[in-house]
Structures are given as structure tokens and as C-alpha cells.
Amino acid sequence: MDPAGPGPAREEDQLNRCTVTSGFFVLGHCGRTAVAPCAQCGRPTCQEHYGPDGLCAECRAAASPTRSPYDEQWVRGYRRGYYSRSSQTYGDATWYSGFDEYDRGAFNPGQGHYLGDYDHDGDDGFVDS
Amino acid sequence: MFWRKTKAAIGNFHPLHQGLIWQRGLSAAMRPADWAALVQSLAGHDAVVKRRKWAPPHRTHHVLVPLIRVLSQDMRPDGVLAITADLRGPDFPEKLTPQRDLAVQRPIRSIKEWYSIDPWLRIRAELRDGSVLDLSVTDRVRYRKIHKVVRGKHKTKQKTKVVQQVTATRRLRRDAPVRQPAVPPPSWLRVRVRNDRRMVIRTSAKFPKDDAQLSERILYVLTEAFRWTPPGLARPARRTS
């Protein structure tokens, strides 16, 4: 059986995974191996999303929002505001609350949704012995 | 900076960046990392080139770059994002329809009407949940040239009216879990859903011209296609290669 399949992963495995929210419409959690917890929110964070200031990418984007789409961090700051505005445009409160719930769900171990957005080779490093 | 040095600096830009400057458009299918390289090249434009004559079209900044950033977020690193952008504007012979005369009353002598149909943006993105997103933005410009005679003087004026049509189609993968949104979409948004082997959600809307707001309006049109698959329902797509 492929341990990286779409079925629920083991809880101890998920505890060591980066739970930074990724995607814009198709939300997921990063899923790379975590190296340290974020100094502000405490979520496990991988090397890619862990900054020199000790913050995860989400907290860094919230601390220093940028208005320029040329900045790589722009999407993270823009996403939450967009969900809020589009929720009002659609008159659909569940659209924003669904996103918010999902984003905060990253702090609940065992509830991660990993969509494989990181560049893995399909088997998560497992080899047949 | 003198022209010779500016030309040399432009020659060092990303090839698609150069295409935006000289041809006012681009057409490419690349992976998100390759599009990020283009965005990075565009980010350094103003530091090197000062003259507005050689600036990329303003829709690059208002529409193209934000959409590349947003859609790249929803793609796997090996997914393909195809973009065809014709940013030359609507006034080209191949985009114009034939003129026709409208019925008039005195003192108006004639009204000639014609349109420009400018499908200036087409995007196709393979998303990481296995769905495929198609987006098109078309400017429809109505021109009216009015000729009238008032107290023996011949007067002409030309009016234009621009409508931006945004159409998005999302083809879900075959076994994708779907939940119909509890709240209907806003009245200005048209939604059609076809549930065959793969569910297809098509949304479209018309807006008055406002390029500064357009990227957000495009995202509003896209949003409906994603309300059918709320966060947490999606599962990773199986790799086919």
C-alpha cells in the first residue's frame, strides 16, 4: 500500500509536517517536513516557509503586508482580504468562514489536508527494502 | 539612460518580457516556476527602463501579474499554465466588425456603428486538484460616429462604450466531491453547470471598463467555480506521468 496515497495519513506523521496554508482557491497545507515551530503562531513550519525572523510565511505576510503583486509574499496577504471581500460580494458568509476554519484548522494535528503542492516524486521518499 | 544602453538592458530581460515591450503581447505554456521568472524580470523593469514608451502594457501590472501569482498558487510545480495575451488594444482591423448605418432623425444626418471584439486574454491552468480552468476576457467596444448639421454647420462626434466580458470554465476531475453552494451567486453572474462524466462549471459576467478593478472582478467570476468544492473537500490529483 502506498503511504502517500489519498487516504488519511498517520497522526504522528502529520505532526511533523508543515501546516502553512497553501493555494488560493484550492486550499491545502504545505506538507513538507517541518523543521521548527513558528515563533508567533507555533504551527510546524518547513525550511521553505520558515524565515530568518523565526516566523512562518503566513505570519510574515501578516506582519508586513505588501501591495505589489511582484512581491512573492503578496498572494498570502491578498488571499485573506479577498475571501472577506468576495464573501460580502456573494452574500455568502460560509465562503469566508470556510476559508478561515480551514486556515485555523492547520493548528489541529491530524486534520491536515495535503494536496502535494510541494515538489515530491510521488512516493514521499519511501523505498522498498 | 541613452537608447543604446536601454536597448542593451531590454535585451537582457526575459524573452516574454521583451515580447510584451515590442509586440505588446505574449503566448506561452509554462510551469509556475517559469512564469515566476517572467514576473521577476517584469519587477525589475522600472529600475532599468525609465521611458514610458518602452514600458509593458499597463494590463501587465493590473491583470496579468496578479493572475499569474494567484493561479500559480493552485498548481503543482509540474502543472502547465498557458497564457495568450494580446495587449495591443482594440483598434486593429482584424478586430473590427463592418460598419452599419442606424436609423436617424433630423438634425442628425447619419450614425455609423461598428464594434471591436478583442479577446485579449486567454488562460488555461491545470490545477493541483486535477481540475482544469479556462478563462477568457474579451473587450467589446461599440463605436458610434454621429454626423449632424446644426445651423448649416457640419458636426461629427464619436462615442465609444466598452464592456468587458469575463468567462471562466472549470472542468472537475471525474470523481471530484462536489457540494452545491447554499447561497445563490449574485444576479450579475451567470452560472451554468453540466454534470456529465466530469462536472463542468461555467461562469460569465459583463463589467464596465475598469482595468484597475479587473483582476479582482475576474477572481469574483472564478470564485463561483470554486464554491462548488469548498476547502477540505479536495483531494490530491493522481499523477498521470
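## Two helices of chain B

In this predicted model, the axes of helix α3 (residues 32-43) of chain B and helix α5 (residues 58-73) of chain B come within 10 Å and cross at roughly 150°. Axes are lines fitted to C-alpha atoms, for helices over the stretch in contact, and angles run from 0 to 180 degrees between N-to-C directions. Helices (H or I, at least four residues) and strands (E, at least two) are DSSP runs, numbered from the N terminus. α3(B) and α5(B) are therefore roughly antiparallel to each other, a term for angles over 145 degrees.

α3(B) passes α5(B) in a left-handed crossing, in which the near helix is turned anticlockwise from the far one by less than a right angle. On the α3(B) side, the contact (heavy atoms within 4.5 Å) is made by B:Pro32, B:Trp35, B:Ala36, B:Val39 and B:Leu42. On the α5(B) side it is made by B:Thr60, B:Val65, B:Ile68, B:Arg69 and B:Ser72. By class, seven of the residues in this contact are nonpolar, two are polar and one is charged. Here Ala, Val, Leu, Ile, Met, Phe, Trp, Tyr, Cys and Pro count as nonpolar, Asp, Glu, Lys and Arg as charged, and the others, Gly among them, as polar.

## Nonpolar cores

A nonpolar core is a set of buried Ala, Val, Leu, Ile, Met, Phe, Trp, Tyr and Cys residues joined through side-chain atoms within 4.5 Å. Buried means under 20% relative accessible area (1.4 Å probe, protein chains only). The largest core has 59 residues, and those with the most contacts inside it are A:Phe25, B:Trp35, B:Ile83, B:Leu121 and B:Leu222. Helix α6 (residues 211-227) of chain B gives the most to this core, with eight residues.

Apart from residues up to four places away in sequence, B:Trp35 touches B:Leu16, B:Leu26, B:Ala28, B:Met30, B:Ile68, B:Leu81 and B:Ile83. A second, separate core of nine residues includes A:Cys30, A:Cys38, A:Cys56 and A:Ala57.

## The two chains

Chain A has four helices and four strands, in the order α-β-β-β-β-α-α-α from the N terminus on. Of its 129 residues, 44% are buried. Chain B has six helices and eight strands, and along the sequence they follow the pattern α-α-β-α-α-α-β-β-β-β-β-β-β-α. Of the 241 residues of chain B, 46% count as buried.

Among contacts with a separation of 6 or more, residues 24 or more positions apart account for 45% in chain A and for 66% in chain B.

In α2(B), the residues B:Leu16, B:His17, B:Gly19, B:Leu20 and B:Ile21 are buried. Their cover includes α1, β1 (25-30), α3, α4 (45-48) and α5 of chain B. After α2(B) comes B:Arg24, whose phi is positive, near 60°.

B:His14 lies in the loop between α1 (3-11) and α2 (15-22) of chain B and is buried, with a relative accessible area of 18%. Leaving aside neighbours within four places in sequence, B:His14 is in contact with B:Asp34, B:Ala37, B:Leu38 and B:Ser41. B:Ser131, in the loop between β4 (108-126) and β5 (132-150) of chain B, is buried at 1%. B:Ser131 and B:Arg173 are 42 residues apart in sequence and 5.2 Å apart in space, C-alpha to C-alpha.

## Conventions

Residues are numbered from 1 along each chain as its sequence is written, and chains are lettered from A in the order in which they are written. Local features need pLDDT of at least 70, side-chain atom pairs count only at pLDDT 80 or more, totals for chains, interfaces and linings use all residues, and side-chain values use heavy atoms, with hydrogens and water left out.

Methods:
Parallel < 35°, antiparallel > 145°, perpendicular 65-115°, else oblique. Buried < 20%, exposed > 50% of the residue type's maximum accessible area, 1.4 Å probe, protein only.
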